[in-house]
Amino acid sequence: MAGRRGPYGKSQVKRELLGRSALRLIQEKGHREVTVAEIAADAGVSEPTVFYHFPSKEGLLIAALQQFDDDHIRPEGGEAGAVADMGPRAEAGVQRTHHARLFAEMAGAATDPEHPANEYFRNRHQRSIRVVSTDIARLQGLGIVPEDVEPAEAARRILAAWSGLQLQWQHGPEFDIRGALEAVVDAVLGLTPERRAALERDFAAGPGSGREAEIT
């Protein structure tokens, strides 16, 4: 058993190294301009080594997207604040031009069940809904979100709006994506100005601070 885990562990480390190199170069110059040879050089390996782990450039692009998620998406157990943080994240996300373009292009292609990125996007959507719905339920416990809101359905609608607004922003002209998304969040979750203020207080207070943010 130990002998099998060793090579697997080394292989996983190498894949993560290549995914990180691919992400770095994509963020610098865009996924269409990056070559496999450049990724290999950045990672300090040969091209045959790259193709051993990723038979196609498409696989490297998926690995880059996964690496970005590993670096930026909230870990399990760290869902608190996900709703309040959506506006700032959307605002920052569209400024990462090359990553946003890769994500949009791959997301469209991956609607084909046979596309290699289909599983990545399906898992990502499910995880995002879990994270957001968990935070919505927490906010209901604080009295910030009304009890008649169904967390999973609300999460799905908000995330769909985020995706659509991001595409609109990319197509141009640019607009206040943070304000637009937060308006959607408020409408879907029934957040009055007082509830929005409580949401912001809860976020500013940080994880575990609890009841200071309740509606007063």
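A residue is called buried when its relative accessible area is under 20%, exposed when that area is over 50%, and partly exposed in between (1.4 Å probe, protein chains only). The structure is a predicted model, in which local features need pLDDT of at least 70 and side-chain atom pairs count only at pLDDT 80 or more, while totals for chains, interfaces and linings use all residues. Residues are numbered from 1 along each chain as its sequence is written, and side-chain values use heavy atoms, with hydrogens and water left out.

Two aromatic pairs were found in a search of the whole structure (rings of Phe, Tyr and Trp, the last by its six-membered ring, pair if their centres lie within 6.5 Å; planes under 30 degrees apart count as stacked, over 60 as edge-to-face and the rest as tilted). Phenylalanine 103 and phenylalanine 121 pair edge-to-face, at 5.2 Å centre to centre with 65° between the planes. This pair links distant parts of the chain, as phenylalanine 103 is in helix H6 (residues 97–109) and phenylalanine 121, 18 residues apart from it, is in helix H7. Tyrosine 120 and phenylalanine 121 are also edge-to-face, with 4.8 Å centre to centre and 75° between the planes. Tyrosine 120 and phenylalanine 121 are both buried, and phenylalanine 103 is buried as well. Helices here are DSSP runs (H or I, at least four residues), numbered from the N terminus.

Helix H7 (residues 118–141) also holds arginine 127. The side chain of arginine 127 reaches the backbone oxygen of arginine 74 at 2.3 Å. Apart from neighbours within four places in sequence, arginine 127 is in contact (heavy atoms within 4.5 Å) with Ile73, Arg74, Pro75 and Glu76.

Helix H4 (residues 57–72) has 16 residues and spans 23 Å from its first C-alpha to its last, close to the 22 Å expected at 1.5 Å a residue; the expected span is 1.5 Å times one less than the number of residues. Buried residues in H4 include Leu60, Leu61, Ile62 and Phe68.

The largest pocket has a volume of about 1000 Å³. A pocket is an open set of points on a 1 Å grid over the protein atoms alone where a 1.4 Å probe fits, with protein on both sides within 12 Å along at least five of seven lines; lining residues have an atom within 4 Å of a point. The volume is the space filled by probe spheres set on the points, which are joined across faces, edges and corners. The lining comprises 37 residues, of which Phe103, Arg124, Ser128, Leu159 and Trp162 lie nearest the centre of the pocket. H7 gives the most to this lining, with 10 residues.

Notes. Helices (H or I, at least four residues) and strands (E, at least two) are DSSP runs, numbered from the N terminus. A polar contact is a pair of N or O atoms within 3.5 Å; within protein, one must be able to donate a hydrogen and the other to accept it, and residues adjacent in sequence count only if both atoms are side-chain atoms.
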